[in-house]
Structure formats: C-alpha cells, structure tokens
Amino acid sequence: MTTTLISGATLPDGTTTDLVIADGVIAERGVGLSAPAGARVLDATGLVALPGLVDLHTHLREPGFEQSETVLSGTRAAAAGGFTAVFAMANTMPVSDTAGVVEQVQTLGDAAGYATVRPIGAVTVGLAGERLSEIGAMAKSRAAVRVFSDDGKCVHDSLLMRRALEYVKTFDGVVAQHAQDPRLTENAQMNEGALSSELGLKGWPAVAEESIIARDVLLAEHVGARLHICHLSTAGSVDVVRWAKARGIEVTAEVTPHHLLLTEELIRSYDARYKVNPPLRRDEDVRALREGLVDGTIDIVATDHAPHPEESKDCEWDHASFGMVGLESALSVVQAAMVDTGLFGWADVARVLSQTPAAIGRLNGHSHSFGVGSNANLAFVDPASSSTFSTDRLAGKSHNSPYLGMTLPGSVRHTFHRGYPTVLDGVVLDASEVAAAHVKAGVFRG
C-alpha cells in the first residue's frame with residue numbers, strides 16, 4: 001500500500017496541517033511531518049481539505065440506461081467532483097425495487113472503486129405508485145438500504161405514503177419524497193408565472209410542490225417517522241419545512257446546486273440544458289433557498305445528477321428530457337452561490353455536502369473531524385482558481401450540464417476514497433488502477 005503525505009492543507013476550520021494517509025485512514029496529523037519512506041508527497045498549500053463529499057441524490061442509470069451513464073462512469077464523475085459516496089436513485093430498468101437489483105448496483109460500485117455506492121430502494125413496485133415494494137427485503141439485504149424514494153415520480157397516494165413511513169420507521173429508514181402533485185403539473189414545462197405566459201410554455205406552479213410537502217410532514221408527524229424532501233425549489237416550500245421543524249417533526253430537506261444559482265430567466269434561450277424537474281424558479285426563490293440553507297431549514301445540498309444522451313437534449317424544448325448533470329460542478333457552484341457571497345464558510349460546506357448527508361443516509365465512515373484514525377475519504381479543493389466550465393471537466397458519459405461556457409470558481413485537485421487516490425492533480429485516475437488498488441487491499445468484494 002502506498003502511503004501519502006499531504007502537506008500544508010487548510011482544514012475547514014481554517015487551521016493548517018499535514019496529513020499522512022496509510023492503511024485507508026489518517027495515520028498522522030500535525031505540522032512539519034516528515035514523509036515516511038517511499039511515500040507519495042502532495043503539496044496542498046492553498047488547498048482546502050474537506051471530508052469526502054456525499055451525494056444523497058444521484059442517478060447512475062445502471063441497470064437499463066447505460067447509454068446515459070453507468071455506475072463506473074457516474075462514480076468517475078463523482079470522484080472528479082470530490083465525492084467519495086453517492087446514493088443511487090431507484091429509477092433504473094429494472095427498477096431498484098427488490099433485494100436483487102439493489103445488491104447488483106452495490107456490487108457494481110464496489111467493483112469500480114471510485115466511490116462508495118449506496119442504493120436507494122423504490123417505495124413502490126416499478127415506481128407505479130400502486131403498492132409498496134420489497135422494502136423490508138431491501139433493508140435486510142447486503143445493500144442494507146436505508147433510503148427509499150420513487151424520485152422522478154411522487155408517492156401521491158396518501159395511504160401508501162403513510163404505510164411507507166410506518167414501514168421504514170421500524171429500521172430507522174427514511175422516505176425521500178419527490179414533491180410534485182401530478183395533476184397540477186400535467187404537461188408542465190417551466191415555472192408558472194409571467195415568464196411562462198410570455199414564452200407560451202405550460203406553467204409548473206409552486207403549490208404543486210408545497211402542497212405535497214405540507215401533507216407529508218403531517219403524515220410524518222402522525223406516524224413518528226423520518227421524512228426527507230428532495231430538491232426543494234420554492235420559497236413557500238422553505239416556509240413549510242421551517243414550520244414543520246419548529247413543530248418538532250423529523251423532516252430533512254435538500255436543495256440542488258442549480259436551484260441555488262440559476263433562475264428561470266435562462267429559459268428565454270429555449271436551451272434544453274436548463275430544463276429540469278423541479279424547474280428553475282424566480283430570483284425570490286433562489287434567495288429564499290440560500291437563506292434556508294444558511295439558517296438550517298434546508299439541511300443539505302444534493303446534486304440530482306441526471307445524465308441524458310445528447311439526442312434527449314438537442315431537440316425542441318417540449319420534447320427534451322428533464323435533468324442536468326451535476327456531480328463535477330457541485331462544489332464550484334456551492335462556492336459561487338454560498339462561499340464567495342459570504343453566506344458560508346468552508347466548515348458549512350463540509351456540513352451540507354458531507355457530514356449531514358452521510359448522517360441522513362445512515363452512512364458510516366464519511367463524517368469525521370480529520371482526527372487520527374478517521375477514514376481517509378477526503379477532497380482537496382483550490383478555492384482561488386477560476387475557469388470556464390467545459391466538457392473537459394465532465395468525467396461521466398453525458399454532457400448535459402447547464403454550466404458549459406460559464407466561469408466558475410474553485411477546482412478539485414485531489415480526491416481520496418478509503419485512503420486511495422481517485423483524482424490527483426485534477427486528473428481522474430484510470431479505472432483499472434483504482435479498482436486494482438481496492439481489490440488488492442481487500443476493501444471491496446469486486
């Protein structure tokens with residue numbers, strides 16, 4: 001095993017230290033450490049060290065949609081963005097609604113080695129919203145699923161939602177709801193308002209999101225279960241979650257990087273890269289989302305990384321698929337929206353992009369304080385850098401990023417997953433090298 005000395009890194013609290021990584025953990029920490037014999041030495045002067053990022057909302061597409069992404073390509077994209085763990089959504093083909101499918105997804109992640117992959121189980125069979133999936137079997141499987149979601153579709157039936165909350169409560173699981181009333185959003189194409197009328201596109205009202213959240217927090221309170229709200233996008237949704245938390249309801253919520261930075265005004269271009277579910281909203285919503293993230297109403301940032309092949313986006317707006325890739329750009333966008341605006345420090349970034357998502361997903365080993373013995377899941381970012389975001393930054397199979405051509409701050413220089421580098425000097429390492437290192441150490445079964 002190669003030992004690594006990382007010198008001069010700045011921790012999220014602003015202190016500077018050296019770190020020695022060996023046997024998958026932080027073996028030494030201090031100032032002026034000497035490199036062990038044969039160690040790799042990385043100069044991290046000017047770099048911020050973060051606990052490896054954790055994405056609670058990733059679409060890896062495999063099995064079934066490998067033309068858009070695979071577990072291998074998606075976790076390469078994750079590593080490029082500083083992520084060392086991703087939770088893979090269930091809208092695959094076949095749907096991840098059985099123990100067999102979630103174990104397959106986890107096995108693929110183990111074999112790739114770029115990041116820990118935790119499958120999310122579907123709430124309902126086939127995402128059809130008619131009957132509950134094999135929730136218990138998935139929870140007891142080798143994948144030990146703790147997060148369940150029909151993301152892409154809302155669990156609209158109130159009784160099914162109640163039953164799901166009751167079920168996951170028995171093993172400390174959580175239901176992650178895609179809050180979208182299907183009747184209120186039928187054929188909707190963008191945020192409902194003056195701009196949708198001007199552009200002649202069917203509007204997507206904020207109340208379609210807010211009404212589902214209001215219902216579900218009351219259901220969660222009634223049964224005493226954990227509820228997570230996916231991709232919060234409106235000021236009204238922030239208000240509902242804030243009310244629920246003040247009431248003592250066990251609800252958490254996420255916001256995507258794109259909803260923290262981009263607004264509906266971009267849709268004037270009819271560029272389908274900006275078509276996403278939920279849609280880009282108003283300036284007022286962006287401000288409310290940032291405020292909610294600062295005051296803790298919104299707990300985490302999650303990417304909702306949603307890759308699509310070129311033909312699904314390079315077409316008329318009405319026919320284009322919803323979704324954006326986001327793993328490679330997430331940290332830069334959070335820096336632009338929250339750090340460079342003075343709303344956040346780097347300790348806050350570590351909290352919303354690593355520590356809290358790991359806690360919500362009941363993921364062990366990804367939330368630490370850089371102490372000796374901590375698992376070496378780490379990301380090192382250069383906050384002073386700035387560049388035009390291009391396809392060169394995209395390590396996955398799809399290029400449907402809304403940031404192409406935009407100048408974004410920051411860049412991930414190094415990523416370590418369980419003590420092994422997956423990114424060095426901004427370059428994602430070869431797949432065979434990463435997998436072989438993990439297999440040799442017996443970290444993964446694959």
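Biologist: Hi! At what angle do helix α6 and helix α7 pack?

Modeller: Helix α6 (residues 207–223) and helix α7 (residues 235–246) pack at about 10°, and their axes are 9 Å apart. Helices (H or I, at least four residues) and strands (E, at least two) are DSSP runs, numbered from the N terminus. Axes are lines fitted to C-alpha atoms, for helices over the stretch in contact, with angles from 0 to 180 degrees between N-to-C directions. The pair therefore counts as roughly parallel, a label for angles under 35 degrees.

This is a predicted model, where local features need pLDDT of at least 70 and side-chain atom pairs count only at pLDDT 80 or more, while totals for chains, interfaces and linings use all residues. Residues are numbered from 1 along each chain as its sequence is written, and side-chain values use heavy atoms, with hydrogens and water left out.

Biologist: Which residues in α6 and α7 meet?

Modeller: On the α6 side, they include I213, V217 and L218; on the α7 side, V240, V241 and W243 are among them. Contact means heavy atoms within 4.5 Å.

Biologist: Switching to the sheet, what is the order of its 5 strands?

Modeller: β9-β10-β13-β14-β15, an open sheet with parallel pairing. Two strands pair if DSSP finds at least two bridges between them. β9 (147–148) and β15 (300–301) each have a single partner strand, so one side of each lacks a neighbour in the sheet.

Biologist: And which helix packs on the sheet?

Modeller: Helix α4 (residues 158–169) does, touching β9, β10 (174–177) and β13. The direction of α4 makes about 145° with that of β10.

Biologist: Which residues touch the most other members in the largest nonpolar core?

Modeller: Among its 68 residues, they are L50, L165, L232, L293, L331, V349 and L353. A nonpolar core is a set of buried Ala, Val, Leu, Ile, Met, Phe, Trp, Tyr and Cys residues joined through side-chain atoms within 4.5 Å. Buried means under 20% relative accessible area, exposed over 50%, partly exposed in between (1.4 Å probe, protein chains only).

Biologist: Why does that core lie between domain 1 and domain 2?

Modeller: Both domain 1 (4–48 + 378–385 + 406–441) and domain 2 (52–360) give residues to this core, so it lies between them. The bounds come from an automatic or database domain assignment.

Biologist: Last one: is F380 buried or exposed?

Modeller: F380 is buried, at 0% relative accessible area, and lies in strand β16 (residues 378–388). F380 and V48 are 332 residues apart in sequence, yet 5.5 Å apart in space, C-alpha to C-alpha.

Definitions and conventions:
Parallel < 35°, antiparallel > 145°, perpendicular 65-115°, else oblique.
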